[in-house]
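Hi everyone, thanks for making the time. I'd like to walk you through one model today, so let me put it up on the screen.

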Amino acid sequence: MRLETRIKAFTAVGNFLKEHITQFSEENNNESALTPEHKKLAEAIEVSLQHNGWFTKENIYFALNQWSQALTKEKLENWTAAYTFPTSQKTVAIIMAGNIPLVGFHDFLSVLLSGNKALVKMSSNDKFLLPALAEILIKYNKDFENLIAFEKEQLKNFDAVIATGSNNTARYFDYYFRKKPAIIRKNRNAVAILTGKETTQQLKALAEDIFRYYGLGCRNVSKLFVPKNYDFSVFFEAIYDWHPIINHHKYANNYDYNKAVYLMSNIKLLDNNFLVLKEDTSYSSPIACLFYEYYNNEEELSVKLKNDEKKLQCIVSSSSKHVDFGESQHPALTDYADGVDTLHFLSNLRYEKA
């Protein structure tokens, strides 16, 4: 199958998602217009909501919308233009995370666009959405049927691995897949740098980076770097529109629990009744909590972040060098997880022995 043929099929999936969002999103629920394909996706969404208490219809449709915008002919062609893919196919095992809806779709897309076969091990937390989209992809090009497999048991007969997990599981992956070409991803977090000069709109946009997906994504801002004497009241006022998040029972339970643990330890907190701010040098804050750390000057902070770059997924700030406020959950196709170029890895599998 030629690259342009593969791009054409994924472009059709992007158009399908646009149509589905228009007809069946939370605001528009036109069930009378359901085709069999739309019905299957709608059913996958509903069962995902029942299966994972962290998934909401709003967040699932947010994820679907991101992919509907990314899967265009122009974007896919521009993305793949810099690579030369081998004609020989390899089977690439993809071990997916399940922290947010369709978090592993980029790997799935990369493997198939590069002309390889995808052997997918789904996370138990998100195991319905991708198979539904795979069925839709096969509808647009039946050749994909022989290029996609979902494995529920132990992975076997593969040539390379892309695995995403925690720091603990990464150690297991490193050992288990030590004889295979592999991308092994670990825990990473996003941070934001504030100067105190941000507008209300910038801070409102930052709230999206913090609260989208309840903060469960690796691109969610989990820590703020602020200058000395920063006025947090301005920040709290700007993010107040997100206060209904506390009505989600799992989020509320985490808020109550983490706040109680900190208070029992006599830790000083800043709190607005739906988000706890704690001064901490760590990057990974608990759900419903946000760490912050003061910095003396931007040069010193830049050195610190450079030294810690392997712990960071992205940096949000007003600087052109970083992700803009409100954009952390809108990555481009070239925004590779952990900074590892997946397509480059896949294009070089020709040099690896099976």
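Let me begin with how the elements are named: helices (H or I, at least four residues) and strands (E, at least two) are DSSP runs, numbered from the N terminus. What you see is a predicted model, where local features need pLDDT of at least 70 and side-chain atom pairs count only at pLDDT 80 or more, while totals for chains, interfaces and linings use all residues. Residues are numbered from 1 along each chain as its sequence is written, and side-chain values use heavy atoms, with hydrogens and water left out.

With that settled, please find helix α7, residues 167-176, which holds Tyr 172. Is Tyr 172 buried, exposed or partly exposed? Buried is under 20% relative accessible area, exposed is over 50%, and partly exposed is in between (1.4 Å probe, protein chains only). Tyr 172 has 46% relative accessibility, so it counts as partly exposed. Together with Tyr 175 and Tyr 176, Tyr 172 makes a nonpolar surface patch of about 360 Å² accessible area. A patch takes residues with over 30% relative accessible area and no salt bridge, joining like charges within 9 Å and nonpolar side chains (Val, Leu, Ile, Met, Phe, Trp, Tyr) within 5 Å. The areas themselves come from the Shrake-Rupley method with a 1.4 Å probe, and for residues only the protein chains shown count as cover.

Now for the sheet. Strands of a sheet pair through backbone hydrogen bonds, either parallel or antiparallel.

Contact means heavy atoms within 4.5 Å.

On to charges. The structure holds 14 salt bridges, a salt bridge being a side-chain nitrogen of Lys or Arg within 4 Å of a carboxyl oxygen of Asp or Glu. One of them pairs Lys 40 with Glu 135, with the closest N and O atoms 2.9 Å apart. That pair links distant parts of the chain, from helix α2 (residues 36-51) to helix α6 (residues 129-140), 95 residues apart. Glu 77 pairs with Lys 73 at 2.8 Å between the closest N and O atoms. These two are four residues apart in helix α4 (residues 73-80), so about one helical turn separates them. There is also a network, in which salt bridges with shared partners join Glu 58, Glu 208 and Arg 212.

Last stop: Thr 342, in helix α12 (residues 342-347). Thr 342 counts as buried because its relative accessibility is 1%. Leaving aside neighbours within four places in sequence, the contacts of Thr 342 include Asp 107, Ile 162 and Arg 185.
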